[in-house]
Amino acid sequence: AQTIGLIGAMDEEIELLLSDMENPVRTDYAGITYTEGDVYGKHVVVCKSGVGKVNAAVTTQILIEKFSVSHIIFTGVAGAVHPDLEIGDIVISTACIHHDIDVTPLGYKRGEIPYQKTSAFPADTDLIKRAAEACEELSARYISGIVLSGDQFIASKEVVSRLHDEFQGACAEMEGAAVAQVSFMNKIPYVILRAMSDKADGSAHVNFAEFTVESSQKSHRIVEHILVHM
Ligand code: ADE
């Protein structure tokens, strides 16, 4: 039977899942609370990883080992990198890259992890398809593309254009590539869903504060639709 691991980095990103859950059972590991139960007719484990790649990596490995999740879906907000994206639009990950790994002095490209075949961790094609169907049916504006992750809040136009040129990134956030890499290492299908809270520019801090709740709800609605139809 399938158990779907659902991760958000912040309370705003998971609170609707938790409030809609039936028969919740809470367990803590490594200071993170995992809530197992049923939501929209599916058996799930919901958790708040906290911000950043280490938190996301630990959380993902625990979902896999302790809860034997069959799929992982991340829901939350991000800064837009693709120029066509507006606040509130959705990005569905096709793959995730760590934009902040930099071993360029040894001849590697930025974003490239030494001694590894893969530095862009592909999302599951079936979950991508289900997410796109959800966006279509809910008339949500979306693109499928590369999710870029780093332990940095991006708030500069120059950095945004570099991230777009260098990685063809769709959005920037702080957890996706860690979830993606750990899922890839364990051969668990995953997808990252992000609704844009800001454009990662000079106004990002203001927009993030203003739009995080609304955009988190948009991402949530996509997850709800995916779960109902899985
Ligand atoms: N999450 C939401 N907005 C972000 C930004 N501008 N940079 C990194 N993570 C984000």
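**Overall fold**

Reply: Start with the contacts, bearing in mind that this is a predicted model. Of the contacts between residues at least 6 apart in sequence, 77% join residues at least 24 apart.

Me: How many helices and strands are there in the protein?
Reply: The protein has six helices and ten strands.

Me: What makes the protein as compact as a globular protein of that length?
Reply: Its radius of gyration is 16 Å. The globule rule gives 17 Å for 230 residues. The two values are close, so the label holds. The C-alpha trace spans about 50 × 40 × 30 Å along the principal axes. Buried residues account for 47% of the 230.

Me: Which residues does UniProt assign to a domain?
Reply: The unreviewed UniProt entry places "domain: Nucleoside phosphorylase" at residues 3–227. The end C-alpha atoms of that span lie 11 Å apart. The span is 36% helix and 32% strand.

**Helix α2 and its end**

Me: Why is F67 called partly exposed?
Reply: F67 has 19 other C-beta atoms within 10 Å. Buried needs 20 or more, and exposed needs 12 or fewer. The count of 19 lies in between, so F67 is partly exposed. F67 belongs to helix α2, residues 53–67.

Me: What does F67 contact beyond its neighbours within four places in sequence?
Reply: Those contacts are T3, G5, Y34, E36 and V45. Y34 is 33 residues from F67 in sequence, yet their C-alpha atoms are 9.2 Å apart.

Me: Why does S68 count as exposed?
Reply: S68 has 12 C-beta neighbours inside 10 Å. The exposed class takes 12 or fewer, so S68 falls within it. S68 sits in the loop between α2 and β5. Its phi is positive, about 50 degrees, although S68 is not a glycine.

Me: What makes a positive phi worth a remark there?
Reply: Most residues other than glycine have a negative phi.

Me: Where else does a positive phi turn up, and is that residue buried or exposed?
Reply: A200, also not a glycine, has a phi near 55 degrees. A200 lies in the loop between β10 and α6. It has 28 C-beta neighbours inside 10 Å.

**Helix packing**

Me: How do α2 and α5 pack?
Reply: Their axes are 8 Å apart, at an angle of about 35 degrees. The crossing is right-handed. K53, A56, A57, T60 and Q61 of α2 meet A177, A178, V179, V182 and S183 of α5. By class, these residues are six nonpolar, three polar and one charged.

Me: At what angle do α3 and α6 pack?
Reply: Helix α3 (residues 125–137) and helix α6 (residues 204–229) pack at about 115 degrees, with axes 9 Å apart. This crossing is right-handed. R130, A131, A134, C135 and E137 of α3 make the contact with I222, H225, I226 and H229 of α6. Five of the residues are nonpolar, two polar and two charged.

Conventions:
Residues numbered from 1 in each chain as written. Predicted model: local features only at pLDDT ≥ 70, side-chain atom pairs only at ≥ 80, totals over all residues. Helix = DSSP H or I, 4+ residues; strand = E, 2+ residues; numbered from the N terminus. Contact = placed C-beta atoms within 7 Å. Rg over C-alpha atoms; globule rule 2.2 N^0.38 Å. Axes fitted to C-alpha atoms, helices over the stretch in contact; angles between N-to-C directions. Left-handed = near helix turned anticlockwise from the far one by under 90°. Nonpolar A, V, L, I, M, F, W, Y, C, P; charged D, E, K, R; others polar. UniProt positions renumbered as here; feature names shortened; annotations may be inferred.
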